[in-house]
Amino acid sequence: MWKIIDSFHGRSLVIAINIACGFSIFAFGYDQGLMAGVNVTPSYLNLMNLHNKEEMRGGIVASYYCGSLLGSFIGGWTGDKFGRIKCIIIGCLWGIVGAILQTAAMNVPWMICSRIITGVATGYLNAIVPVWSAETSPASSRGMFIAMEFTLNIFGVVVAYWIAFGMSTIDQTNSVTWRFPVAFQMLPQIILLLMIFSFPESPRWLLKNGKEKECIKVLAALRGDGDPEHPEVIREFKEIGETLRLENNEGGETSFYKMMFEKDQLNIPRRVHLTVWLQIIQQLVGIGVITIYAPEVFINSAGFSRFTSQLLSGINNISYMFSTLVAVFTLDKWGRRFTMFYGAIGQGIALLMVGILTKPEIISQNPLGYGIGTTVFIFAYTALFGMTFLTVTWLYPTEIYPLRVRARGGAWSTIGWSIGNGLVTLSTPPLLARIGYATFFIYSAFNFLSIPVIWAFYPETANLTLEELNVIFSTKAVFVRSAEKELSERAHLLDDIQGISNASSLSSHLPYKKGEVPGYGKA
């Protein structure tokens with residue numbers, strides 16, 4: 001059977017791998033945007049008897065995240081046990097089955113069960129696809145490739161929305177207006193399923209499971225233009241092997257329970273908490289209010305007609321997609337922390353202004369003028385989110401886990417995302433119905449509150465190899481400032497890791513200056 005590494009090497013191979021990842025991320029985005037259109041389709045609301053039942057509609061949306069929560073646990077274990085490729089195959093199969101059942105749904109229980117199955121697929125794929133991408137991409141461009149994938153994620157949201165918009169122009173009593181958009185989600189997963197068999201397994205997973213020859217072959221294709229004797233191939237092979245040795249000294253395989261609650265020298269519980277809470281923070285800063293309920297916000301809060309609201313939501317999603325391209329060029333240059341800082345400030349201000357402008361006493365004075373103002377700040381919010389939190393919160397967890405639990409670490413990331421999404425999708429409809437404009441003040445506050453949390457707990461990860469990050473996140477201190485001091489005292493550990501590459505000091509090979517601590521700043 002033809003394998004892609006027989007024809008593609010180096011950067012072209014990494015790009016091909018990330019294109020494959022992009023189909024999964026596209027499907028993920030499409031699933032996110034799907035229900036925004038379905039939830040306002042008359043034939044769907046009539047069939048499911050969901051008129052004026054905001055809590056039930058929110059429950060159907062949230063059931064997807066219950067499935068992703070379950071899929072995260074199973075997918076993380078599967079990815080570590082059987083490999084990244086097999087996990088992707090299983091995730092695609094779950095997704096195709098779930099989409100078929102959703103398309104055929106005739107009542108609420110049927111729809112909920114189908115949404116759960118689709119969510120399981122998302123849990124599988126989200127737990128492993130970013131990990132596979134990070135493990136095959138070079139450290140200097142890891143953020144760029146993840147950012148490119150999430151441009152496709154929002155492209156999925158855009159496609160979902162405009163398909164729904166197109167369906168709104170035909171007979172609204174025909175169930176094809178919502179069944180076709182639901183069925184369409186199978187397409188990217190079918191494409192990914194057909195192509196994934198020709199792609200290489202993660203070299204880190206291969207070496208971890210004793211497949212040295214296969215690992216060297218994949219590394220040669222990724223880093224050495226097909227030459228297994230290339231110095232970069234030998235360096236990375238030894239670096240991965242040494243990291244595995246250090247990790248195995250810590251006890252080898254572990255469980256989800258141990259990852260969360262049992263401390264060790266690598267401090268995995270700290271990494272789990274950082275991962276889960278970062279994803280919850282991503283949802284609490286308010287993106288779910290915009291992506292899922294934007295049409296309702298434009299209608300009920302800004303006062304636009306249904307057609308105008310749907311059109312604005314679709315244009316907003318296009319703007320959202322193009323904004324993610326900014327992260328492609330800035331994420332590795334500016335770093336993860338600064339990216340989240342400026343995102344939180346801008347998003348908090350934008351949501352604050354949306355709340356002020358949609359207050360009934362204010363917008364009634366000039367509905368058109370203040371409605372346009374609301375639209376501008378909603379556009380600004382989604383653009384800022386696309387530049388910042390969207391990508392960082394998925395990239396960060398793929399960087400900070402030891403190899404032996406990296407797939408399960410990705411699972412914890414999806415678990416946090418599922419919890420955050422569940423909270424937002426369940427609470428937003430009743431919040432909008434009961435307190436209206438004040439809902440935006442709540443999410444604005446979460447943006448500003450996230451800044452000290454990120455500053456205190458989340459060190460920088462940009463431009464460091466996955467093996468170097470393994471040392472950075474093993475500090476006992478949980479606060480960045482304290483960890484900085486501890487790490488400077490343990491600098492000899494960094495030299496031990498780089499020593500396998502015949503260098504006298506790691507500092508001569510890392511992208512930070514003498515006197516600085518990687519991930520933190522000046523020592």
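Student: Anything to know before we start?

Tutor: It's a predicted model, where local features need pLDDT of at least 70, side-chain atom pairs count only at pLDDT 80 or more, and totals for chains, interfaces and linings use all residues. Residues are numbered from 1 along each chain as its sequence is written, and side-chain values use heavy atoms, with hydrogens and water left out.

Student: OK, at what angle do helix 1 and helix 6 pack?

Tutor: About 35°, with the axes 6 Å apart; helix 1 is residues 10-38 and helix 6 is residues 142-167. Axes here are lines fitted to C-alpha atoms over the stretch in contact, and angles run from 0 to 180 degrees between N-to-C directions. Helices are DSSP runs (H or I, at least four residues), numbered from the N terminus.

Student: What residues make up that contact of helix 1 with helix 6?

Tutor: They divide into 18 nonpolar, eight polar and two charged. Nonpolar covers Ala, Val, Leu, Ile, Met, Phe, Trp, Tyr, Cys and Pro, charged covers Asp, Glu, Lys and Arg, and the others, Gly among them, are polar.

Student: Switching to helix 18: which residues are buried there?

Tutor: Among them are Gly371, Thr374, Phe379, Tyr381 and Phe385. Buried means under 20% relative accessible area, exposed over 50%, partly exposed in between (1.4 Å probe, protein chains only).

Student: How many salt bridges does the structure hold?

Tutor: Eleven, each being a side-chain nitrogen of Lys or Arg within 4 Å of a carboxyl oxygen of Asp or Glu. Take Asp80 and Lys208, whose side chains meet at 3.9 Å, N to O. Asp80 sits in helix 3 (residues 54-82) and Lys208 in helix 9 (residues 203-208), so this pair ties together parts 128 residues apart in sequence.

Student: Are Asp80 and Lys208 buried or exposed?

Tutor: Both are buried. They also belong to a salt-bridge network with Arg84, Glu135 and Arg408.

Student: And what does Arg204 pair with?

Tutor: Glu236, in a salt bridge of 3.3 Å, N to O. Arg204 is in helix 9 and Glu236 in helix 11 (residues 231-248), so the pair ties together parts 32 residues apart in sequence. Arg204 and Glu236 are buried too.

Student: Where do Glu239 and Arg235 lie?

Tutor: In helix 11, four residues apart, which means about one helical turn separates them. Glu239 counts as buried because its relative accessibility is 1%.

Key. Helices (H or I, at least four residues) and strands (E, at least two) are DSSP runs, numbered from the N terminus.
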